[in-house]
Amino acid sequence: MSTLAHTTMTAARPADSGLAGSGELDRYSYAEAPGADRGSAPSSWDGAEAEIGRVGRRAAGNRGRGLHGQLVQQLGQMIVSGDLGADRPLVPEEIGQRFEVSRTVVRESLRVLEAKGLVSARPNVGTRVRPVSDWNLLDPDIIEWRAFGPQRDDQRRELCELRWTIEPLAARLAAGHGREEVQQRLGDMVEIMSHALAQGDALTFSRADAEFHALLLQVGGNRMLEHLAGIVAAALHVSGAPVSGCDRLTEAGVAHHRRIVEAVGEGDAAAAEAAMRQLLTVHPDLDHAEVGVPAPREH
C-alpha cells in the first residue's frame with residue numbers, strides 16, 4: 001500500500017461537533033428595529049427549542065466554521081426541515097437575541113443563506129424564507145440538510161438518480177484520460193476501502209469512497225462534470241446515514257471499485273462505464289424501479 005493510502009487510513013477523526021458553551025458566545029442586547037414587521041410571525045421560535053440544540057450538535061461543528069458557520073447550519077436546517085416555512089420573515093434582531101450572537105454574525109449568515117437561495121432580502125420588505133423552487137438543490141450543504149430532514153427519502157432518490165446519470169460517463173471519460181498517477185490514487189482508495197471493510201470502519205470507508213468518485217469526475221477532461229464532484233462527495237458523505245444510504249460496506253462494492261480501476265488503467269472506456277453501472281446497482285435498495293432510473297432508450 002502506498003504512503004498516501006496509509007496516511008489516509010490513519011487520519012485523525014473529526015472532533016466532537018457540539019456548539020460552543022453559552023459563555024463563549026458573543027452576547028448583546030438589541031433595541032427594537034424601527035419599522036420591523038412583527039405581526040406576521042411569532043416573536044418566539046415556536047416548536048424549534050428542542051430541535052435547535054439537536055441540529056447544532058449534529059452538523060454545526062462538522063466544518064469548524066465558528067459561530068457564523070454554526071448559525072448558517074442551524075438556520076439552514078430549520079428552513080429545509082420546514083420549521084421556518086416559505087415567506088417567513090427573518091428579523092435579524094430576533095435571530096441575534098435567540099442565538100446570542102452579534103449583528104455581524106447574523107448578517108453574514110443570512111448572506112450565505114441568500115447565496116444558497118434559501119432566503120431573500122429586499123428593501124422595505126426585509127429577509128424572508130424562499131420557496132423550495134428557489135433553493136440551490138445542488139449545494140452540498142442543502143443536500144446534507146435535506147438528507148437529515150423530512151425530505152430525506154426524496155433526497156436519497158434524487159441523489160441516486162443523479163449519480164446513475166453522471167458517474168458512468170465520468171468513468172468512461174476517465175478511462176480515456178488514464179494516467180499512471182491517477183490509476184495509483186484510485187487503487188490506493190480501493191485498498192483503503194478494503195482495509196476499512198475488514199475493520200468495520202465506516203468513516204474511513206466513506207472518505208476513501210468519496211475521494212475515489214471525486215477523482216473520476218475530475219480527470220475526464222470535462223469541466224462541467226468536474227464541477228459536480230462536490231455534489232457526489234456530499235451524496236457519499238450522507239450515505240453513511242441509515243435514512244439516506246446509497247452505499248454500504250460490502251465485498252461486492254469493493255470488487256466493483258477495483259474493476260473500475262482496472263478498466264481505467266487499461267484505457268477500456270466501455271468496461272469502466274459498465275463497472276460503474278454495476279457498482280451503482282449492486283445494492284438491493286438501488287433497484288431501478290425504486291429510484292426511478294430510466295430504462296435505456298432504443299436509438
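**How the sheet gets its labels**

In the protein chain, 72% of the contacts between residues at least 6 apart in sequence join residues at least 24 apart, a contact being heavy atoms within 4.5 Å. This is a predicted model, where local features need pLDDT of at least 70, side-chain atom pairs count only at pLDDT 80 or more, and totals for chains, interfaces and linings use all residues. Residues are numbered from 1 along each chain as its sequence is written, and side-chain values use heavy atoms, with hydrogens and water left out.

Trainee: What makes residues 119-122 a strand, β2?

Mentor: Strands are DSSP runs of E with at least two residues, numbered from the N terminus. Residues 119-122 form such a run, β2.

Trainee: How do you know that β1 and β3 pair?

Mentor: Pairing requires that DSSP finds at least two bridges between two strands. Strand β1 (residues 89-90) and β3 (residues 126-129) have two bridges, so they pair, in the antiparallel sense. Pro89 stands opposite Arg128 in β3.

Trainee: And what joins β2 to β3?

Mentor: Four bridges, with the strands running antiparallel. Ala121 faces Thr127, and Val119 faces Val129. The two strands form a hairpin with three residues between them, and Asn124 in the turn has a positive phi of about 65°.

Trainee: Why is one side of β1 and of β2 left without a neighbour in the sheet?

Mentor: The open sheet has the order β1-β3-β2. β1 and β2 stand at the edges, each with a single partner strand, so one side of each lacks a neighbour there. Helix α5 (residues 103-115) packs on the sheet, touching β1, β2 and β3.

Methods
Axes fitted to C-alpha atoms, helices over the stretch in contact; angles between N-to-C directions.
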